[in-house]
Amino acid sequence: MGTLLLAAMVLLVPHRIEQVMAAKRDPQVPQQSSVSQAALPPQEGSAAQQISSSQNIALQEETVPEPEDVQSCWELILVNDLNPLPEDFVVALVPAGGGEQVDYRIQQPLEQMMAGAQAQGIELMVCSGYRNVAYQQTLYERKAAAYQSQGLALEEAQEEAKRWVARPGCSEHHTGLAVDIVTPAYQVLDSGFAGTSAAQWMAEHCAEYGFILRYPQGKEEVTGVCWEPWHFRYVGTEAAGQMSRDGLCLEEFLQK
Ligand SMILES: [Zn+2]
């Protein structure tokens with residue numbers, strides 16, 4: 001019976017099991033970590049439902065066979081307007097400072113990057129990490145409403161808004177692999193941040209720690225997102241190095 005149930009679980013929720021197993025195998029996984037289940041964009045008017053139905057489940061220590069090579073490319077997940085977060089996506093979160101949280105697997109590279117910057121007199125601050133879908137919905141609706149108040153029709157306002165704030169379910173922040181980074185002297189998320197020594201340090205060094213500037217200047221047509229000199233995404237050192245050398249954004253890198 002137990003075996004049958006197990007087999008059924010493996011068939012029904014392979015992706016989730018992979019996530020959990022990957023977490024289980026990694027000795028760095030925190031004991032008190034929780035797994036948050038993010039969800040696809042809720043239907044109109046169901047934001048409240050979405051909040052109540054989102055789950056926090058403990059990492060399971062159940063007997064699931066250990067698949068080979070699972071999650072080998074977890075760090076290359078593509079989430080954008082055309083590629084919403086998978087419905088069964090789960091993330092194990094840990095604190096990232098400033099009340100923010102990130103996927104536990106990027107905690108160490110993130111800390112090392114911040115320490116590396118600090119050693120050279122640059123202070124980096126994470127001002128936004130993991131976001132759930134409900135919160136993204138709030139941000140997106142706020143942005144669209146701002147454009148509407150400037151006279152745009154609803155549809156136009158939403159089109160414009162999504163160039164700045166991803167639609168709920170389509171934000172990289174849902175993955176726990178993206179961070180918005182600023183510096184104490186400049187905490188505004190605008191193009192002026194690019195002129196800071198912190199942004200310049202990041203441009204030069206983030207790939208060494210496995211991070212990329214996710215929405216570069218000049219790639220707006222490919223990413224569908226405006227230039228965001230503060231938004232960094234973990235992709236691993238190998239991919240980050242290659243993307244940096246070849247001048248590719250994530251969409252281009254994954255198409256190669
Ligand atoms: Zn961001």
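Visitor: Which strand is joined to β3, and by how many bridges?

Guide: In a regular strand, side chains alternate between the two faces of the sheet. Here the partner is β4, residues 101-103, which runs antiparallel to β3 and is joined to it by 3 bridges. The hairpin has 5 residues between the strands, and Gly-97 has a positive phi near 85 degrees.

Visitor: Now a helix, please. Which residues of α7 are buried?

Guide: In α7, residues 197-205, they are Ala-198, Ala-199 and Met-202. Looking down the helix axis, you find these buried residues within an arc of 95 degrees, so they line one face of α7. Their cover includes β6 (178-182) and β8 (231-234).

Visitor: What is the mean pLDDT of the protein?

Guide: Where pLDDT is low, the predicted coordinates should not be read in detail. The mean here is 80, and 72% of the residues reach 70 or more. Over residues 1-34, however, pLDDT stays under 50, and the model has 47 contacts beyond four places in sequence for them. Residues 38-71 are also below 50, with 61 contacts beyond near neighbours in sequence.

Visitor: And how many helices and strands does the protein have?

Guide: There are 10 helices and 8 strands, and 33% of the 256 residues count as buried.

Definitions and conventions. Residues numbered from 1 in each chain as written. Buried ≥ 20, exposed ≤ 12 C-beta atoms within 10 Å, placed from the backbone. Helix = DSSP H or I, 4+ residues; strand = E, 2+ residues; numbered from the N terminus. Arc of directions from axis to C-beta. Contact = placed C-beta atoms within 7 Å. pLDDT = per-residue confidence, 0-100. Pairing = 2+ DSSP bridges.
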